[in-house]
Amino acid sequence: MRRGNIVLPVVLFLSLTLIAAYVFYSNRTREYSSDRFLMDTLISIKVYGSDSEALKEAVASAYSEMHRIASLTDAFPKIGTPEYRESDACRINQQAGVAPVVVDKDTFKILKMAKHYSELSEGAFDVTVGPLMDLWGFGGKNPHIPSPESIKSALSLVNSRDLILNEQERTAFLAKRGMKLDLGAIAKGYATEKAIQSLKASGISKALIDAGGNIRVLGRNLHGTQWRIGIKDPRKQNAVVAILQLEDSSAVTSGDYYRFFEVDGKRYHHIIDPRSGYPAGENMTVTTLTADAALADVLSTLFFVLPPEKAVQMAENLDGVDLFLITDKRRIMHTQSLKGKIDVPSETSYRYDQRR
Amino acid sequence: MSLLKHHTDMTRGDKYLLLLLLSVSFSLMFVLYGNTTIFHSKSRSTQAVVTVNGDIIRKINMPTNSRYSFAIEGSSGSFRVELDGEKIKVSEAHCAGQVCLNQGWISRAGQSIICIPEKIVIRLEGRTMLDAITQ
């Protein structure tokens with residue numbers, strides 16, 4: 001055998017190896033994450049894919065969508081500002097008791113969904129709580145307990161039955177002067193869902209959006225396993241009370257531990273019962289699990305306001321919806337289908353009857 | 001003895017086969033490990049990353065050797081961040097709501113303290129057990 005003959009095959013094989021290595025290297029899965037302050041909270045989007053540029057663009061488009069929904073639903077801008085003109089919520093509020101307002105398709109969908117769940121819950125969920133929320137002042141420098149008279153007065157302006165929607169004209173109308181929309185319990189969820197749909201349309205198949213604690217996942221994570229999502233312990237810092245494994249779904253939590261103030265040892269939190277005018281009283285934390293992030297957002301608030309047994313029962317009767325909650329008596333309750341799927345550490349400080 | 005003789009004589013075909021196998025093994029390494037530690041430059045320790053309006057202003061390797069604090073000037077006043085070993089927290093803030101103060105110490109990778117009015121984020125980065133926390 002001649003020696004020279006070995007060089008060519010060696011070079012050939014080494015070249016092939018290097019080419020193969022390069023191809024696999026350039027197609028490796030990358031992670032891209034980005035944060036934005038939006039809707040009065042921090043939104044984080046994390047995506048996986050093989051093309052860095054495509055990932056960046058997909059996330060930018062997703063944020064654009066969220067910005068758009070945020071602009072339409074923000075009721076805070078002052079009159080005369082460009083943000084005010086772009087906000088359907090502001091225009092509807094300004095025209096309360098005056099005239100119907102033509103709104104964006106997405107605004108209409110949000111209002112239609114809100115009104116539906118308001119009726120389903122017999123008022124436990126209501127987006128016309130604006131006057132009540134203004135009274136309590138959460139989010140401002142001086143949240144305080146309003147007088148019973150002012151609460152009664154505000155309550156007379158709270159009723160989704162007086163939110164008139166016209167599908168043909170695509171208009172929304174608050175029937176009485178002084179009525180005000182607060183879309184805080186649905187807008188973030190809706191924006192998150194639009195963002196995930198935008199990522200999907202951009203070709204992303206693995207993503208996680210954390211919108212101020214509202215979690216929405218697409219597909220599975222980097223290693224092909226389901227995303228591990230913890231439910232924050234409502235009373236212990238740095239702790240989770242349960243762990244879920246999710247794919248293609250949302251987990252939204254309403255709790256009494258985020259925005260609150262205390263007077264004489266009693267806690268007053270920001271989830272006001274639209275029927276009584278006072279903070280809803282029987283739960284510490286409620287997590288709703290379902291595919292659609294907007295629905296998860298609505299139901300999370302809705303279930304928080306309802307008595308725990310009623311909330312669980314309602315969740316059992318809704319298709320594709322699961323619920324996990326801890327009552328103010330420290331009892332863990334959840335829907336049947338979560339049995340075996342949710343991981344509650346055996347040393348938990350809450351009361352948990354595994355058999356139920 | 002004749003067996004030994006055959007063993008030391010490699011044919012050309014054998015050499016090609018050997019090279020082919022080596023090449024395939026080498027490429028497979030990229031396939032199997034390409035998605036994980038070789039190409040990801042994530043370190044194994046935890047870092048506290050402090051950002052203001054998206055700009056990173058401090059990166060601190062955790063755990064720290066001693067307890068200390070530093071201040072950030074925000075639009076509503078001084079904002080003080082305190083570190084102690086594995087833990088970090090906001091010890092002074094003048095923003096409305098003071099949600100960041102309510103959060104207390106954080107110590108695990110993945111956790112973060114956020115001051116929305118000041119757009120300050122203190123995040124612990126590193127290997128995490130959980131992908132996210134719903135709250």
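Is the crossing of helix 2 of chain A and helix 5 of chain A left-handed or right-handed? It's right-handed. Keep in mind that this is a predicted model.

## How helices 2 and 5 meet

Let's start with that pair. Helix 2 of chain A covers residues 52-73 and helix 5 of chain A covers residues 105-120; their axes come within 10 Å and cross at roughly 65 degrees. Since angles of 65 to 115 degrees count as roughly perpendicular, helix 2 of chain A is therefore roughly perpendicular to helix 5 of chain A.

Who does the touching? On the helix 2 side of chain A you'll find Ile69(A), Leu72(A) and Thr73(A), and they meet Asp106(A), Thr107(A) and Ile110(A) from helix 5 of chain A. By type, the residues of this contact split into three nonpolar, two polar and one charged.

## Two domains

Chain A is split into domain 1 (89-174) and domain 2 (226-338). Going by C-alpha atoms, the centres of these two domains of chain A sit 22 Å apart. Domain 1 of chain A puts 20 residues into the contact, while domain 2 of chain A puts in 15.

Helix 5 of chain A turns up again here: along with helix 6 (130-136) and helix 7 (148-155) of chain A, it gives two or more residues to the side of domain 1 that touches domain 2. That side of domain 1 of chain A is made up of 16 nonpolar residues, three polar and one charged.

## The chain as a whole

Stepping back, chain A has ten helices and 15 strands, and its C-alpha atoms fill a box of roughly 105 × 55 × 40 Å along the principal axes. Of the 356 residues in chain A, 43% are buried. Among contacts in chain A with a separation of 6 or more, 59% are between residues 24 or more positions apart.

Methods. Residues are numbered from 1 along each chain as its sequence is written. Chains are lettered from A and ligands numbered from 1 in the order in which they are written. This is a predicted model: local features need pLDDT of at least 70, side-chain atom pairs count only at pLDDT 80 or more; totals for chains, interfaces and linings use all residues. Helices (H or I, at least four residues) and strands (E, at least two) are DSSP runs, numbered from the N terminus. A residue is buried if 20 or more other C-beta atoms lie within 10 Å of its own, exposed if 12 or fewer, and partly exposed in between; C-beta atoms are placed from the backbone. Two residues are in contact if their C-beta atoms, placed from the backbone, lie within 7 Å. Axes are lines fitted to C-alpha atoms, for helices over the stretch in contact, and angles run from 0 to 180 degrees between N-to-C directions. Angles under 35 degrees count as roughly parallel, over 145 as roughly antiparallel, 65 to 115 as roughly perpendicular and the rest as oblique. A crossing is left-handed if the near helix is turned anticlockwise from the far one by less than a right angle, and right-handed if clockwise. Ala, Val, Leu, Ile, Met, Phe, Trp, Tyr, Cys and Pro count as nonpolar, Asp, Glu, Lys and Arg as charged, and the others, Gly among them, as polar. Domain bounds come from an automatic or database domain assignment.
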